[in-house]
Structures are given as structure tokens and as C-alpha cells.
Amino acid sequence: MKRLLITGASGGLGRVASARLGHLAEHIRLSDVMPLPYTPPSQAEFVQCNLADADGVMKLVEGCDGIVHLGGISTERKFSEILDANILGMRNLYEAARAHGMPRIFFGSSNHVTGFYPQDEHVDLNSPYRPDGLYAVSKCFGEALARFYFDKFGQETAMVRIGSCFEEPTDYRMLATWLSYDDFVALVERVFDVPRLGCPVIWGVSDNSRAWWTNETATYIGWKPRDSADRWEATLKAQGKWPDPEHPLAKWQGGNNTQDPIVKED
Ligand code: NAI
Ligand code: 15L
């Protein structure tokens, strides 16, 4: 690719993407509503932009051949914030992509779109949404929007339902949901390498024995996670991080998010 856009570049995963995806394009355009909290790699430029600003997003996407879309609200917050970043922001991004040659998109969706499934239930790609909060509802909207732009215009998107992508698993639930940084990077590489992507849903999860999700309909992507949360099981047990079976961390796939209150507007 000539130019890859990474949104949400100031966030946790954006930082990983900025540091490790430079080889995918000659130029990297990083963007976020907040300033970058680190020095960008040498071939990268930074454009500060609010995803809710349609004109700003239109300019941001111009000249890009691929987009790793990580920007947005990533936890339960006031609906007005979610609306701006995750709903208007997605609409603005897809309209800009449509105007600028439909660059392929990696969309950072979330496992919370099915957070209200119990942990003993297998969820596959045909299972109905059971979002566990308004943040999760906004990701359902994002997936529906991406699907619509594919069916109507042929816009390709990988809708990646990321599990828990952090340095290491830190609680019982993450033994099932963890996605290592290496596996995340390898998945982004495959999304931009595969000749025909289409618009698949992919569970972004490492090869954890306790995982609840499988990717049998997206094997053509050629992504095989190599890491596993299994080796943290003994440590977490020894640290006493083993919840009662009725605790949300052990009961619901969405864990503690199922208990979040609706956040009041000011
Ligand atoms: P994060 O919260 O650390 O980063 C998100 C970034 O988006 C922040 O830097 C924030 O300033 C920016 N942002 C928020 N509102 C914006 C707006 N209106 N305009 C422009 N930028 C805005 O989140 P993280 O962990 O890096 O996640 C990245 C993406 O992946 C998010 O969309 C999140 O929902 C999704 N995801 C992440 C998971 C994880 O385990 N890290 C799990 C599931 C989904
Ligand atoms: C998400 O969707 C969030 O963005 C992230 O902060 C974690 O809470 C993650 O899911 C998770 O389920 O662990």
C-alpha cells in the first residue's frame, strides 16, 4: 500500500499498530482526537481529527489505500460520546471511504456485541447479537453499517470482534478472551494481504483453550493465532484471581461490562 490510515492512534492498540504495522505501507497516517502520547515512527504523519467531524474525516481518508479503524469510545460511557465517536464516526468514515476509492478497512469491533451470552454457550458467526451495553450496541451498528456498505457498494471490511487485546491476561475471563499483540498484528497483516477479503466477521482471539469462539467461516483469511492465554492459568489461580461461578467474570462472556449502569448525561 502507498498510505495506511490508523485511527485511534493515541490509544492502547493504536500505539501497538503504529509501532508494528509500518511495513504495510510506504506512508502511515496516524489520527486521533487526542494528541499522540509518543513519538511517531519516521514515515508517519499525525492528523488530529474528531471522527464526528464529517469534513475532517473526508480529508483524513483522502489518499489512503487501507484503514485500520481503532478510533472511538472503547468502554461504557455517556451515549452522547458513543454517538459522536462510534455511530457518527463510523458513518463519516464509510462515506469518506466511498468517496475515496473504497480502501479496505479493518474495523475494531468488539466481543461485547455478544456479551450477554453465558460462558457455557457456544457462540458462532450466526448467533444473534446480545450486546451488553450501549458501547456494545454501537459496535453492532458499526458491523451493520460495514455490511451495508459491502452489499450496496462492495466496500471490503474485516469486522474483527476483538476479545481482550492487552499485553497479558490479567483476570479469569481473559483466559478465554485474550488476544496477544503478536496475534493482533498478524491478523491485520492477513486482512491487508488476502486477495479477496469480502466482509467477514472474525473473532480476534488467541489460541486459548478456554475460548468460546471459533473462526471456521473465515479460514480463507489464512490467520492462525500462535499465542495462548493458557500459560497464565496457574499464575492467576495462585494470585487468587478465581471468581465464584456466579460472578459476572465467570458467568457472562462480556464479564463485568454486563453490570455497567447506563451512564447519565451531564
Ligand atoms: P482506547 O480507548 O485505548 O483507544 C481509542 C482511541 O480512540 C483513543 O485514543 C481515543 O482518544 C480515540 N477516540 C475516542 N473518541 C474519538 C473521536 N470522537 N474521534 C477520534 N478519536 C477518538 O481503545 P483500545 O483498547 O486501543 O481499542 C481500540 C479499538 O478496538 C476501539 O475501537 C475498541 O472499541 C476496540 N476494541 C479493543 C479491545 C481491546 O481489548 N483493546 C477489545 C475490543 C474492541
Ligand atoms: C472491549 O471492547 C474494550 O474496548 C476493552 O477495553 C476491553 O474491555 C475488552 O473489550 C474486553 O472485553 O476485555
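Q: Which atom of ligand 2 does a polar side-chain atom of Asn111 approach, and at what distance?
A: The model is predicted, so every value here is computed from predicted coordinates. A polar contact is read from a pair of N or O atoms within 3.5 Å. In this case a polar side-chain atom of Asn111 lies 3.1 Å from an oxygen atom of ligand 2.

Q: What distances separate the side chains of Ser110 and Tyr135 from ligand 2?
A: A polar side-chain atom of Ser110 is 2.7 Å from an oxygen atom of ligand 2. For Tyr135, an N or O atom of the side chain is 2.7 Å from an oxygen atom of ligand 2.

Q: How much of ligand 2 does the protein bury?
A: One takes the area that the ligand exposes when alone and asks what share the protein covers. Ligand 2 alone exposes 320 Å², of which the protein buries 78%. Ligand 2 sits in the largest pocket.

Q: Which residues are around ligand 2?
A: The residues around ligand 2 include Ser74, His112, Gly163, Ser164, Phe166 and Arg173, together with Ser110, Asn111 and Tyr135.

Q: Which residues come nearest to ligand 1?
A: The shell around ligand 1 holds 27 residues, and Leu13, Asp32, Ser74, Tyr135 and Cys165 come nearest. A shell may also be read by secondary structure. At least two of its residues come from each of α1 (12–20), β5 and α4, and β5 gives the largest share, three residues.

Q: What polar contacts does ligand 1 make with Asp32, Leu51 and Tyr135?
A: A polar side-chain atom of Asp32 lies 2.6 Å from an oxygen atom of ligand 1, and an N or O atom in the side chain of Tyr135 is 2.6 Å from an oxygen atom of ligand 1. From Leu51, by contrast, a backbone N or O atom lies 2.9 Å from a nitrogen atom of ligand 1. Alone, ligand 1 exposes 820 Å², and the protein buries 86% of that. Ligand 1 sits in the largest pocket.

Q: How many salt bridges are there?
A: Side chains of opposite charge can pair when their charged atoms come close. With a cut-off of 4 Å between a side-chain nitrogen of Lys or Arg and a carboxyl oxygen of Asp or Glu, the count comes to 13 salt bridges.

Q: Which parts of the chain does the salt bridge of Glu45 and Arg29 link?
A: The side chains of Glu45 and Arg29 meet at 2.6 Å, N to O. The pair links distant parts of the chain, 16 residues apart: Glu45 is in strand β3 (residues 44–48) and Arg29 in strand β2 (residues 27–32). Glu45 is partly exposed, at 32% relative accessible area. Arg29 has a relative accessible area of 12% and is therefore buried, under the 20% limit.

Q: Are Glu156 and Arg104 buried or exposed?
A: Both Glu156 and Arg104 are buried. Their side chains form a salt bridge of 2.9 Å, N to O. This pair links distant parts of the chain, 52 residues apart: Glu156 lies in the loop between α4 (134–153) and β6 (157–162), and Arg104 in strand β5 (residues 104–110).

Q: Which residues are linked in a network of salt bridges?
A: Arg77, Lys78, Glu81 and Asp266 are linked in such a network. Within this group, the side chains of Glu81 and Lys78 meet at 3.9 Å, N to O. Glu81 is partly exposed, with a relative accessible area of 27%, whereas Lys78 counts as buried at 17%.

Technical notes: Residues numbered from 1 in each chain as written. Chains lettered and ligands numbered in written order. Predicted model: local features only at pLDDT ≥ 70, side-chain atom pairs only at ≥ 80, totals over all residues. Heavy atoms only, no water. Helix = DSSP H or I, 4+ residues; strand = E, 2+ residues; numbered from the N terminus. Buried < 20%, exposed > 50% of the residue type's maximum accessible area, 1.4 Å probe, protein only. Near = heavy atom within 4 Å. Polar contact = N/O pair within 3.5 Å; in protein donor to acceptor, adjacent residues only side chain to side chain. Areas by Shrake-Rupley, 256 points an atom, 1.4 Å probe, with all protein chains shown as cover. 1 Å grid on protein atoms, 1.4 Å probe; cavity = no way out; pocket = protein on both sides within 12 Å on 5 of 7 lines; lining within 4 Å. Sits in = over half its atoms within 2 Å of the grid points.
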